[in-house]
Amino acid sequence: MLELSLQIGFVLISIALILSFYRLIKGPSQPDRILALDTLYINSIAILVLTGIYLKSSVYFEAALLIAVMGFVGTVALSKYLLRGDIME
Amino acid sequence: MNEWTENLLGLLIIIGAVFTLVGSIGLYKLPDFYMRLHGPTKASTLGVGAILIASVIYFSTKQDALSLHEILVTLFLFITAPIGAHLMAKAAIHINTEQVSRTKKYHSKNTTK
């Protein structure tokens, strides 16, 4: 049961990654690309946590935590750049 | 690990994966930026939250001790997702991103136009 649902989860989240990657390439405006990057890092956190359960190892959470922190900083920096034309004032 | 826990884990993982996929489908399919903002920032956050709860239960039963460092990721994600969405919406309004014509009459009075 656990094995099967993990495999289904991997497939579904991989499709989600492909869809957000499509929006990152195609996205007509700049905020669309920022939003696609945001979705991409949230999906990669999900797939890292699933990998941690699949391989029975708890190392992957450190990576997930790092991606969460750095992704948030990246989103804020890019939005600030669009708002002000400058990141640090 | 007994039968019950395993079924609960499978259910949580599938719910989380489906919600994450729904968020990304919203990002792929909806017509303009202000609509697309709704998909990932709400549905995907819920999906990742469900997957992280599954991970907390799995590692707690495996080690026979409460495993709490996934809670950190959950807490951080749930705090920062609305802040990021707010900043992105503000940036999009600031640079006048295209709206679909049928929502143009709902333009806010507070914007800088």
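The legends below describe views of a predicted model. Residues are numbered from 1 along each chain as its sequence is written, with chains lettered from A in the order in which they are written.

**View 1. The fold of chain B.** Chain B contains four helices and zero strands (DSSP runs, H or I of at least four residues for helices, E of at least two for strands, numbered from the N terminus). Its radius of gyration, taken over C-alpha atoms, is 19 Å, well over the 13 Å that the globule rule (2.2 Å times the number of residues to the power 0.38) gives for 113 residues, so chain B is more spread out than a compact globule. The C-alpha trace spans about 60 × 25 × 15 Å along its principal axes.

**View 2. The side of chain B that touches chain A.** Here 45 residues of chain B are in contact with 42 residues of chain A (C-beta atoms, placed from the backbone, within 7 Å). α1(B) gives the most to this side, with 16 residues.

**View 3. Helix α1 of chain A.** The end C-alpha atoms of α1(A), residues 2-26, are 36 Å apart. Its buried residues (20 or more other C-beta atoms within 10 Å of their own, C-beta atoms being placed from the backbone) include Leu6(A), Leu12(A) and Arg23(A). The buried residues of α1(A) pack against α2 (30-54) of chain A together with α1 of chain B.

Technical notes: Predicted model: local features only at pLDDT ≥ 70, side-chain atom pairs only at ≥ 80, totals over all residues. Contact = placed C-beta atoms within 7 Å. Expected span 1.5 Å × (residues − 1). Buried ≥ 20, exposed ≤ 12 C-beta atoms within 10 Å, placed from the backbone.
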